[in-house]
Amino acid sequence: MRLFPFQGVAFCPIAAPFTVQVPGNPSVTEELYQTTGSAGVKSKAIVSWGASADSFADNYQLEYKPATQANWLVRTGIKGFETELIDLAPGFYDFRLKAFNSIGVDSDYTGEVRVNIVGLSAPPSAVSNFSVIASNGYALASWALSPDLDVQINSSIIIRHSSKTSSAVWEDGIILEEFPEGAIQGIVALITGTYMAKAKDSTGNYSTSMTPFVATEG
């Protein structure tokens, strides 16, 4: 029996399973989360990527490492296009990916992506909507709830006061009160000058900038 080739058609029926297309480069975002135990707030890196264009691609392998180290950490057998890395220490990290098909053939690596992981070392947001209103010989200080989870949990709002009514800076002030996590108002002494507020997060980081409120009647 003779087999005749198809005229004018070039194809390789066994090549595709042994060639896997490279997935998209990894993208990394960070997010804080509350633990279910007593560890408080921690951070996680969420790594996502574009799918391989190869119809045979079945799973992905993520590799990552601190930028100062040579050895890669490996997470393999990932189904889908996203995975989470819990509680990475702050610093620069390198990330790369490759795809595997169902018979274990792998693609080339994506390009390496370097990302600065900030984690809980990032300073909290500045206090917003801060005001101090006279009330029966005292003053009612109020502010908006911080959007930062590590300020909402195991943290505080610090209020200082300076006798200056202009150009006051944080270092000028004396601490009037420290309000616990979740508070959005509290009583302070009624004094002429500048009230200043900062958030202190669960790891002791302060807001980079203070929020002032000037009172001219004390």
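This is a predicted model: local features need pLDDT of at least 70, side-chain atom pairs count only at pLDDT 80 or more; totals for chains, interfaces and linings use all residues.

Reader: How many aromatic pairs does a search of the whole structure find?

Author: The search turns up 4. Rings of Phe, Tyr and Trp (its six-membered ring) pair if their centres lie within 6.5 Å; planes under 30 degrees apart are stacked, over 60 edge-to-face, and the rest tilted.

Reader: What makes the pair of Tyr60 and Phe81 edge-to-face?

Author: Their planes sit at 65°, with the centres 5.8 Å apart, so edge-to-face is the label. The two are 21 residues apart: Tyr60 is in strand β3 (residues 57-66), Phe81 in the loop between β4 (73-78) and β5 (82-86). Strands (E, at least two residues) and helices (H or I, at least four) are DSSP runs, numbered from the N terminus.

Reader: Why does Tyr60 count as buried?

Author: Buried means under 20% relative accessible area, exposed over 50%, and partly exposed in between (1.4 Å probe, protein chains only). Tyr60 has 4%, so buried it is. Phe81, at 43%, counts as partly exposed.

Reader: And why is the pair of Trp143 and Phe179 called tilted?

Author: The planes of Trp143 and Phe179 are at 45°, with 5.3 Å centre to centre, and that pair is tilted. Trp143 lies in the loop between β9 (138-142) and α1 (149-152), and Phe179 in strand β11 (residues 174-180), so the pair ties together parts 36 residues apart in sequence. Trp143 is buried at 5%, and Phe179 is buried too, at 10%.

Reader: How do you know that Arg96 lies over the face of Trp72?

Author: A charge sits over a ring if NZ of Lys or CZ of Arg is within 6 Å of the ring centre and within 35 degrees of the ring normal. Arg96 is 4.1 Å from the ring centre of Trp72. Arg96 also lies over the face of Tyr109, at 3.8 Å.

Reader: What makes Ser52 buried?

Author: Its relative accessible area is 9%, so Ser52 is buried. Ser52 is in the loop between β2 (41-48) and β3.

Definitions and conventions. Residues are numbered from 1 along each chain as its sequence is written. Side-chain values use heavy atoms; hydrogens and water are left out.
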